[in-house]
Amino acid sequence: MKNKFLYIILLFLVLGGACVSEFNANIPSSDINILVVEGNIVSDSIVDFYFSKSFSLNEEIPPPGYDDVQVNLVIVGNNGYRSQPANYLGSGVHRISVDKLDQDVLYGVEFEYEGDTYQSTLAKPLQSPEIDSISFSQPQEEGEVSIRISTHSTESENQYFLWTYKEDWEIKSHYPVQVFYDAKSKQYYIDNTFPVLYCWKNDIGKEILVASTESLIEHRIVNKVLYKHEASNDRFSELYSVLIKQQAISKAGYEYYLDKRKTNQDMGGLFTPQPSTIEGNITCISNPDKKVIGFVEVSGNITEKRFYISANHISRPRESCGLFSREYFEELGWGSVEIYDLGYRPVGYTLEMGSIMITAYSSRVCTDCTTRGGTKNKPDYWPNNHQ
């Protein structure tokens, strides 16, 4: 970590189960427990602000109470405006309703914590243009798939952008299954709804995605790569969707995020580490010597666009799943209970005199989409009728 200081700032999005390589950092005690603020003011919306405390990378797990930070938070304007206080939801999360902002007024957040008063730099709401287009590219067969964005600004408009994205995708079991085993009754039964054929997964982008049109002649960003995935990723196995949000940010905010991104890259980006030397726009006005990390932007709007990629638009490596005949298991001396308990599921059957006779099996990972991290929580907007 540059400057010999390391911090892990775990906000409400902790990367569950991730690991960090061992690192012995010499952290001065004065540079831990720094107040960390994340969140932005957005006109005519409900927004969340996240408060936590920095801690040393030497900590193997987040220390108790690192996000047990409750403040008294309001939005203020230079015309005397003060919003209703934020509601504390726990774990450092503060939710506040933002009124429609006046383009000619400077706004910021003000909050009190442990007897001190903090305030972000007041600023006018920035307007974000519409996203021109979202596209994808796969230059090589079965190679990486990159998601790209095109947008614009003008010389007189904002020229700095921050993007965030949320992914949803559909996966499908390799083999459809409609015969299931009831371990309690030790009987097979038929379910024609194919309950574990289709599932859905989701993720939120963790990268810091910023860009500027300041040095571009036409102030236009064309086909900028935001992120990439391998073609073999199950995101592209059936139907993939991404919702990209675009926010206009200030030049100071752009530089803040660039510094933060560089620090993340230096440390591999696992836990969003960040040194206290990164300058934000929040000050402890009652005690200027107190450190605080964070940058609060003021936005008049946030624009967004959704994009889909179907599996037949991507060149992917062929997937395969093994099939096992009933005779194979009979030779092993396995009965239905053993076969089921070892994770095999029926993929072929016949009906003989009203009885279900299994003819073939495959592994559960090939027949049950929930074993691959999928759920049956289908997004409300999903464009097909799969169940």
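**Entry 1: the whole chain**

I began with contacts in the chain. Of those with a separation of 6 or more, 70% join residues 24 or more positions apart. I noted that the model is predicted. Next I looked up the secondary structure and found four helices and 24 strands. Then I checked burial: 44% of the 387 residues count as buried. The accessible surface of the chain is about 20100 Å². Carbon and sulfur atoms hold 47% of that surface.

**Entry 2: aromatic pairs**

I searched the whole structure for aromatic pairs and got 22. I picked out Phe161 and Trp163, which form a stacked pair. Their centres are 6.0 Å apart, with 15° between the planes. I looked up burial for Phe161 and Trp163, and both are buried.

Why is the pair of Phe324 and Tyr328 tilted? I found the ring centres 5.4 Å apart and the planes at 40°. Planes under 30 degrees apart count as stacked and those over 60 as edge-to-face, so an angle in between counts as tilted.

Are Phe324 and Tyr328 buried or partly exposed? Phe324 has 24% relative accessibility, so I put it down as partly exposed. Tyr328 has 38%, so it is partly exposed too.

I followed the ring pairs onward from there. They link Phe324 and Tyr328 with Phe329, Trp334, Tyr344 and Tyr361 in a cluster.

**Entry 3: arginines over rings**

Which residue lies over the face of Trp169? I found Arg235 there, 4.2 Å from the ring centre. I also checked Tyr340. Arg345 lies over the face of Tyr340, at 4.0 Å from the ring centre.

How values were computed. Residues are numbered from 1 along each chain as its sequence is written. This is a predicted model: local features need pLDDT of at least 70, side-chain atom pairs count only at pLDDT 80 or more; totals for chains, interfaces and linings use all residues. Side-chain values use heavy atoms; hydrogens and water are left out. Rings of Phe, Tyr and Trp (its six-membered ring) pair if their centres lie within 6.5 Å; planes under 30 degrees apart count as stacked, over 60 as edge-to-face and the rest as tilted. Buried means under 20% relative accessible area, exposed over 50%, partly exposed in between (1.4 Å probe, protein chains only). A charge sits over a ring if NZ of Lys or CZ of Arg is within 6 Å of the ring centre and within 35 degrees of the ring normal. Helices (H or I, at least four residues) and strands (E, at least two) are DSSP runs, numbered from the N terminus. Contact means heavy atoms within 4.5 Å. Accessible areas come from the Shrake-Rupley method with a 1.4 Å probe; for residues, only the protein chains shown count as cover.
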